[in-house]
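I took one pair at a time.

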Amino acid sequence: MEATGTDEVEKIKSKFMSAWHNMKYSWVLKTKTYFSRNSPVFLLGKCYHFKTDESGELSTDGSNFDKINTEISGNVEEFRKDFISRIWLTYREEFPQIKGSALTTDCGWGCTLRTGQMLLAQGLMLHFLGRAWVWPDALDIDNSESESWTTHTVKKLTASFEASLTAEREPKILSNQQQQTLKRNCDDSEMRNEVYHRKIISWFGDSPLAAFGLHQLIEYGKKSGKTAGDWYGPAVVAHILRKAVEEARDPELQGVTVYVAQDCTVYSSDVIDRQCSFLDSGKADTKAVIILVPVRLGGERTNMDYLEFVKGILSLEYCVGIIGGKPKQSYYFAGFQDDSLIYMDPHYCQSFVDVSIKDFPLESFHCPSPKKMSFKKMDPSCTIGFYCRTVQDFEKASEEITKMLKSSSKEKYPLFTFVKGHSRDYDFASSPLREERDLFSEDEKKRLKRFSTEEFVLL
């Protein structure tokens, strides 16, 4: 009887907290973001220029777009379409109850899991869709809840961009057969891309069966002593994502693996072993790898000496973003302009979407407006992510990043390192590919506990 009464109290408490969080986190989009006209904007390896002859700032609400020429309008539109095409994962409410708790929302505690999901989603988008892909319906998002990127602005930008293209060149005349072939190829490609677009989002659905959904991530987190409602740090989330990808059973996901750096060190042979694990099963292809590197960009505060390195990382085409934030809030960093980081914010409570139904709505999984934050406000604890499709891509990336680390490091030791050989060669844990009954080895558990005590608390 007492147990039943306690359960009822917990349910009432959960509903009350849910109502409070829904009210607290429902106004986050009602802000304006300004971009300089005179500095390039980088978004996950792509560079956009809004440069004009006049100085000043560009507001994302469209209030001063009248003065911008058609070339700049096109670039603004391309940037916005690219940004909106990234997958946005936020707080949700009224999803199926999390096992072992009365929680049906992650408001107030799940932000780092959400930013981790966004980073992994970007890695999967690179794998299945490529960096050049953009969502065809990106500019059709109705952003009536936000004061930025109004529909009027979008229509004006579209018209300006189309006008600039028309003025630049005469249209090529194709034969009927060429037109039909082109249309058929485009239709097939778009259909394939849209299937993968929806499939990737469905893997992050808020249901117990979704491979990378909140429910599954929390189950893997239990192995490191975490439960639903706890706060998660960027390093712990990196290990949880690795386990989630390892345990995923969808055949489409068998060609992807995740490697987490050990004590700020990437062991090249361990990474390549993961990529070549297909060879043991008789398959010719290697796996793509998402490399996650938990680091600290300083002591209690972020060291500004790391700014150029972080900007360099976000300028790489194979970067999949950074799980970071500022104290008590986690953000997904995807780009920068000058000394400000561009990010997506998970602190926005949205209703549960059942991704198992056909043609489920996609709008709430795409962020209509970017946000910016000064680098100096960033919390030093973060996890950096990279995607490498092949072993050759990994070797090229490791060389390129090593050069960046050496050139940006004013200290004796770089932020992290790439080392030849296996971790076991340096008296660390044995091969990371070994079979384990438990999801986390004893060595990993110790490391995760250390991260849990060292990292900042996230709300």
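Entry one. I looked up helix H3, residues 111-128, and helix H6, residues 214-221, and found that their axes come within 11 Å. I read the crossing angle as roughly 110°. An angle of 65 to 115 degrees counts as roughly perpendicular, so H3 is roughly perpendicular to H6. I kept in mind that this is a predicted model.

I then checked the handedness. H3 and H6 cross in a right-handed way.

Next I asked which residues of H3 and H6 make the contact. From H3 I listed Leu113, Arg114 and Gln117. From H6 I listed Leu214, Leu217 and Ile218. I sorted the residues of this H3 and H6 contact by class: four are nonpolar, one is polar and one is charged.

Entry two. I moved on to helix H8, residues 268-275, and helix H10, residues 391-408. Their axes come within 10 Å and cross at roughly 160°. Are H8 and H10 roughly parallel or antiparallel to each other? Angles over 145 degrees count as roughly antiparallel, so H8 and H10 are roughly antiparallel to each other.

H8 passes H10 in a right-handed crossing.

Then I wrote down the contact residues. H8 brings Ser268, Val271, Ile272 and Gln275. H10 brings Val391, Phe394 and Glu395. By class, I noted four nonpolar, two polar and one charged residues in the contact of H8 with H10.

Notes
Residues numbered from 1 in each chain as written. Predicted model: local features only at pLDDT ≥ 70, side-chain atom pairs only at ≥ 80, totals over all residues. Heavy atoms only, no water. Axes fitted to C-alpha atoms, helices over the stretch in contact; angles between N-to-C directions. Helix = DSSP H or I, 4+ residues; strand = E, 2+ residues; numbered from the N terminus. Parallel < 35°, antiparallel > 145°, perpendicular 65-115°, else oblique. Left-handed = near helix turned anticlockwise from the far one by under 90°. Contact = heavy atoms within 4.5 Å. Nonpolar A, V, L, I, M, F, W, Y, C, P; charged D, E, K, R; others polar.
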